[in-house]
Amino acid sequence: MNVEEILKAVNYLLQTFGNVELETAKTWLEVREYAEALKAEAEAAIEEQENGE
Amino acid sequence: MKRFLICLTLIYAVLFNLACPFKKADLEKMKDYSRRVATGAHAGVELTRTLFREKVISAELTSDIADGFIYLAQGGQFVDAQLERAIKNYGKDAPPDIKKQIVDIFRSDILNRFLAVIEQLKLARVTPVYYAVLESIKTTVILTAGLLGIGQETKIQIEGAIKQ
């Protein structure tokens, strides 16, 4: 990662992380489902890349 | 001699701690902390999704990081279920052997899995980006460990893992 990318991510974090406390607390089930959905999205992108090559 | 006395005191403190019943109020506090750790982990997944969608991290790395959070969430679900069972089964304080069981599952299902997430982020060299998320989870995991009488060793383990 270069400095610009890190700064972009940190800016995102600063803008959104404050809201985490204000949001309703999350359950482990929600974390698991969210992470599983993200994994499926990433796997689909990998498959797409492989098919495109 | 001084070192021997310190060791003896530490061993005594651990044994004394494990020999005491586990207060119901502490079990309930642990459940609350578990929820806070879950909220921090959720923010970690959200950050990963943004980094992936903004093409800051690759799909392969995203998948690996998601795996780490899935594994941690499964551990969190198991710990919550055990805490719920202990609260339900023991009207007042849980016996010392229950405390020992909870210490064991906290180590295997929360602490070690959180350390694995840190390791994963370190290998991908993206730990600085996750700094706030890791700090948030770290603080609550240490508070939980404090209730179990293993706060200091947990703090050393996590800080050592982040620094390495």
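**Two chains in a predicted model**

Reader: Which residue just after helix 2 of chain B takes a positive phi?

Author: This is a predicted model, and every value discussed here is computed from it. Just after helix 2 of chain B there is a residue whose phi is positive, at about 60°, and that residue is B:Lys55.

Reader: How far apart are the end C-alpha atoms of helix 2 of chain B, and what span should its 30 residues have?

Author: Helix 2 of chain B covers residues 24-53, and at 1.5 Å a residue its 30 residues should span 44 Å.

Reader: How many helices and strands does chain B have?

Author: Read from the N terminus on, the elements of chain B follow the order α-α-α-α-α-α. The secondary structure of chain B therefore comes to 0 strands and 6 helices.

Reader: Is B:Thr127 buried or exposed?

Author: B:Thr127 sits in the loop between helix 4 (96-123) and helix 5 (131-147) of chain B. Once its neighbours within four places in sequence are left aside, B:Thr127 is in contact with B:Leu121, B:Lys122 and B:Leu134. Its relative accessible area is 12%, and because a residue under 20% counts as buried, the word for B:Thr127 is buried.

Reader: What percentage of the contacts in chain B between residues at least 6 apart in sequence join residues at least 24 apart?

Author: Chain B has 164 residues, of which buried residues make up 46%. Among its contacts between residues at least 6 apart in sequence, the share that joins residues at least 24 apart is 80%.

Reader: What is the area buried between chain A and chain B?

Author: The contact takes 28 residues from chain A and 39 residues from chain B. Carbon and sulfur atoms give 72% of the area buried between the two chains, and that area is about 3400 Å².

Reader: Which side chain of chain A meets B:Asp67 in a salt bridge?

Author: Across the interface of chain A and chain B the rule finds 2 salt bridges. In one of them, with a distance of 3.2 Å from N to O, the side chain of B:Asp67 meets that of A:Lys39.

Reader: Which element gives the largest share of the side of chain A that touches chain B?

Author: The elements that give two or more residues to this side of chain A are helix 1 (3-22) and helix 2 (28-52) of chain A. The largest share, 16 residues, comes from helix 2 of chain A.

Notes
Residues numbered from 1 in each chain as written. Chains lettered and ligands numbered in written order. Predicted model: local features only at pLDDT ≥ 70, side-chain atom pairs only at ≥ 80, totals over all residues. Heavy atoms only, no water. Contact = heavy atoms within 4.5 Å. Buried area = accessible area lost by both parts, 1.4 Å probe. Salt bridge = Lys/Arg side-chain N within 4 Å of Asp/Glu carboxyl O. Helix = DSSP H or I, 4+ residues; strand = E, 2+ residues; numbered from the N terminus. Expected span 1.5 Å × (residues − 1). Buried < 20%, exposed > 50% of the residue type's maximum accessible area, 1.4 Å probe, protein only.
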